[in-house]
Each structure stands twice: as structure tokens, then as C-alpha cells.
Amino acid sequence: MAEQPTTADEQTSRSPDSVPSGNGHAENGSADAIRATAEKAQQDLGVFERYLSLWVALCIAVGVAIGQLIPAVPDVLGEMEVAQVNLPIAVLIWAMIYPMMVQVDFRSILGVRRHPKGITVTLAVNWLVKPFTMFGFAWLFLKGLFGPFIEPGVASEYVAGAILLGAAPCTAMVFVWSYLTDGDPAYTLVQVSINDLIMLVAFAPIVAFLLGLSDVIVPWDTLLLSVGLYIVIPLAAGALSRTWILRTKGEEWFDNVFLERLGPVTMVGLLLTLVLLFSFQGEVILNNPLHIALIAVPLVVQTFFVFAIAYGWAYGWRVPHDVAAPAAMIGASNFFELAVATAIAMFGVTSGAALAAVVGVLVEVPVMLALVRIANATRPQFEARTAPA
């Protein structure tokens, strides 16, 4: 069972160097508000998150059944497109992404000075390592080792879906992983906020470059449209609505009423999106059930590999465990909502890229829970290494 979230006082006593330098009561009040926001976002692993892989598996069954028994449903919904964007899927993706973005407090970025080593590990692994190792593992397994079992064109689409996963670091579930490893909630909020801003400018170029290496034609207009629809708009909407709500209703109402009401929206959006996707993908899955397992292999290998790089680097650099654990977790996990949405926009709802992105959802929770156990088991080694002489 996970430990209870630490309070601000407990975090301060554990990490004295993490207290922001004071410039009077205004800065202290702002720091307290940011920490409160971070701790609110970093909640216990609920029933939905704990059994996410089970819900995904059930959605696969329900979606495939709908596609086979009521084919008119995916046929009609699949035709609801504007500028290559499937409208039902787009609405559901927004329902998933907006609740994440509205919790991001960009004032927290000022806290980067508190743990510069942790932020360095996070940014270097997320943007200089992770996308490229994902491409390498996907290519090695899907087009190399598993080549005899997958047609070349289909394998290229699977690699494309993996690239989209690798280019999008996690923004929401990382709060859960951080909580389960007793991570510093304020640091977790800082890294999420910075990564959201970097995604605005780095996601499209990285995806285009790696897709080009995969000999996949890059529809730049569709890629940029996806960035606008699923990063820029939700991020702006979240920031503006957050500012307005805090100004008009106050922080207590925002935390205890608005976020509580918004919570189920993400769950419903994700489950309905998966049902729709698998209703579109039903024929492919029934004809090639082995492909799901084959896609999962490079995704699992990538997750452990990236975690090992970030966690090992943090250990060697004597980063405190409550910073090292979330730094490694955000690199290991993915912003799969963005990957799914972009795969659909660029390649279509029945594409191999969309299927690969959805398999990322299926494998992420059990793999990340395994990494949580590793992080918790190795905490004493970190504490011994970072303890004062």
C-alpha cells in the first residue's frame, strides 16, 4: 500500500535545499499555493488508474464486438471528419487532455532553481534520448527481428505509432507515479510544466525527423494541425480557464469542487475513445492478434531502458530520491493521449500507427507499477548516497 502524501512541512524537513529563497510574504505565499496545487494533482492511485490495463482490455473486447456486430456504428462515426480530423475522436481526446492541462501552474517553473540537476536529467532524457531510443527499438524489433511476421508497410505504421509515443513525455499519470514513490510534488509539477512548454516547439520537428528516417511521408499540415488541436488549444484553454476560475471562485473551490467534478471526464473520454478505436480496428485485431504482443515488446524494452538511464544518472549525480524517482518516471511514461490523437489525424483511425499508440496505453500501467516497485526498493541506496557526511 502506498504511503500517504507528505505535507509541505515534511517535504521541507526532508529536503532543506528545496525551500525557495525568500523575497517576503508574497513569494512564500505563491510557493505555498504552487505546492498545494502539486499535492492536489499528486493523488493516490484510484480504481480507474490501478486497473487501467483491465479497462483497456475490456474496451478492446467491447470495441471489437461493436465493429463486428454493429458495423454501422464505426462506419458512420468514421465518416465524421473535417480536415482529416475525426470529430468524435477529437472531442473525446480534448475531454482527456483538458483536465490535465488545467492543473498545470506555470508559476511553478520558477521553482526550476530548486533542483537544477533533476530538471537537467528530465529534459535531457525526455528530448535528447527518449524519442531516438524509441525509434531505434521499434525499428529493431518491428522491422528487423519481427519482420517475418509483419508486412513491411504495416511495420512502418507500427514504428510511426511508437515514434509518436516516444516524442511525447507524460503529463498526467506521472503525478501518480511520483506519489507512489514518495516524490517531491512541487518538483513533479515543475517538470510537467516545462515539458508541456517544450512540446509546443519540439514535438512536431522530432516526429517529422524520425518519421523521415522511417521512410514515412510526413504530412506537415496534418502534423502541425495536430499540435495546434491537441497541445496549443488545450494548454491555452487550461491556462486561461484556470486563471479565471482562481480569480473568480478562489483556490479552494478550484481544488475541491472544479477538479473533483472534472475528474471523471478524463476516464470517460479515454474509455469511449478506446471503444471507438477498437471498433475501427476490430478486423485487423481478429486477423492479426499476434501483432499486439509484437508491438508491446519494443514499448516495454524502451520503458525499462529509459528509466534505467534517468534513474542511474540521477544516482550517479547524487540527486535526492524524491527528485530522482519522478525524474525517471516522466521519461519512462508517455503522453499517450497526444500520441493516439496525432496517429489518428495523420494516418487514420484504422491505421497501424493508431493501433501501436493504443497498445502503449495497454502496457503502460503494469510496466510503470513495476518501475515504482524498483524505485521504492532502491530508495535506501539513494538516501545513503545523498545523506550529509
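Predicted model: local features only at pLDDT ≥ 70, side-chain atom pairs only at ≥ 80, totals over all residues.
## The nonpolar cores

Start with the largest nonpolar core, which has 83 residues. Within this core, F203 and Y230 are the ones touching the most other members.

What does F203 touch once its neighbours within four places in sequence are left aside? Its contacts include L164, A167, A168 and I198, along with L223, V227 and I231, and also L338 and T342.

## Helices α14 and α16

Now for a helix pair. Helix α14 (residues 321-332) packs with α16 at about 160°, and the two axes lie 11 Å apart. Angles over 145 degrees count as roughly antiparallel, so that's how α14 and α16 run relative to each other. The crossing of α14 past α16 is right-handed.

On the α14 side, the contact uses H321, A325, M329 and A332, while α16 brings M368, L371, V372 and A375. Sorted by class, that makes seven nonpolar residues, one polar and no charged ones.

## Two loop residues with positive phi

D182 isn't a glycine, yet its phi is positive, at about 60°. You'll find D182 in the loop between α9 (173-180) and α10 (185-213). Is D182 buried or exposed? It's buried, with a relative accessible area of 15%.

R318, another residue other than glycine, has a positive phi near 60°. R318 sits in the loop between α13 (290-316) and α14, and at 49% relative accessibility it counts as partly exposed.

Notes. Residues numbered from 1 in each chain as written. Heavy atoms only, no water. Core = buried A, V, L, I, M, F, W, Y, C linked by side-chain atoms within 4.5 Å. Buried < 20%, exposed > 50% of the residue type's maximum accessible area, 1.4 Å probe, protein only. Contact = heavy atoms within 4.5 Å. Axes fitted to C-alpha atoms, helices over the stretch in contact; angles between N-to-C directions. Helix = DSSP H or I, 4+ residues; strand = E, 2+ residues; numbered from the N terminus. Parallel < 35°, antiparallel > 145°, perpendicular 65-115°, else oblique. Left-handed = near helix turned anticlockwise from the far one by under 90°. Nonpolar A, V, L, I, M, F, W, Y, C, P; charged D, E, K, R; others polar.
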